[in-house]
Amino acid sequence: MLDRCNLTCVKIQSKLPVVSSTSAKVVMDGTLVMFVEYPCESRPCENSGVCGGHGTTNYTCTCIDGYFGKNCEKSVCTTLYRELNNFNLCGVSPSSGVCIGKIANGELCQCPDTHWGPLCNLPTQGENKTLTLCQRQKQLFSTTVKLINESDVTDSSISLLRTITDISRLKSVLHEMNLSYLPVRTCTSDGSFAASQCDVSIDDLATWKCYCTETGVALCKVTIGSRTSSNRSCECDCEYWQCIQ
């Protein structure tokens with residue numbers, strides 16, 4: 001139909017196609033088509049990260065182990081090296097290891113044959129050091145907690161590392177990696193994950209969050225070896241204790 005200006009009125013499509021532009025365009029048959037750009041179409045995730053879109057504007061990048069940041073643009077190893085005054089955390093031993101940054105796999109460092117440990121800080125001495133995922137995570141995160149705990153002087157190699165590491169900057173990097181709480185792993189005798197686990201705050205090592213691994217239910221009393229954490233500060237409902245081993 002014609003309006004008073006002698007122009008053809010265009011119709012609006014009820015279902016909008018998905019194409020990569022935010023403009024509107026009148027096509028040949030007089031249909032007004034809205035072009036909508038979805039966030040993952042621009043491929044914002046770097047370093048092999050996987051994009052998940054939320055509506056037409058928001059997205060989340062799932063990063064592979066070794067990278068972090070909104071767009072997976074930051075390398076664990078590069079960030080640690082820069083923020084720790086160009087110090088190689090894997091170089092505690094005379095025979096330095098190489099940072100690979102696979103924190104979720106419990107492997108921050110790739111060590112030479114002569115050394116092992118989370119920071120290549122232990123001499124091999126001929127042992128077979130094949131560890132399970134739980135054991136690797138336990139070793140890495142326990143070592144990190146020891147490093148942060150400046151009152152812990154039980155490990156000479158960690159005490160030495162502490163003298164050349166800026167702990168406040170290390171904490172800042174951990175916060176940036178969404179590691180404000182470190183998982184203090186409990187493993188079974190065969191190296192599997194125990195039914196109950198705890199996370200400790202890097203800002204207050206007396207603050208723990210404990211939970212059942214299968215259900216995610218929070219705990220206030222968890223047996224860890226021969227010790228119990230019932231006297232620690234927990235963010236949980238104390239009613240739940242059924243997964244204590």
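Modeller: First, a term for accessibility: buried means under 20% relative accessible area, exposed over 50%, and partly exposed in between, with a 1.4 Å probe and protein chains only. At 34% relative accessibility, E176 is partly exposed. This is a predicted model, where local features need pLDDT of at least 70, side-chain atom pairs count only at pLDDT 80 or more, and totals for chains, interfaces and linings use all residues. Residues are numbered from 1 along each chain as its sequence is written, and side-chain values use heavy atoms, with hydrogens and water left out.

The structure has three salt bridges (a side-chain nitrogen of Lys or Arg within 4 Å of a carboxyl oxygen of Asp or Glu). E176 pairs with K74, at 2.2 Å from N to O. K74 sits in strand β7 (residues 74–75) and E176 in helix α4 (residues 167–176), so this bridge ties together parts 102 residues apart in sequence. Helices (H or I, at least four residues) and strands (E, at least two) are DSSP runs, numbered from the N terminus. K74 is partly exposed too, at 28%.

Now E83. Its side chain meets R82 in a salt bridge, 3.3 Å from N to O. E83 also bridges to R169, with the closest N and O atoms 3.6 Å apart. That pair links distant parts of the chain: R169 is in helix α4, E83 in helix α1 (residues 76–83), 86 residues apart. Through shared partners, R82, E83 and R169 join into one network. Each member is partly exposed: E83 at 22%, R82 at 44% and R169 at 27%.
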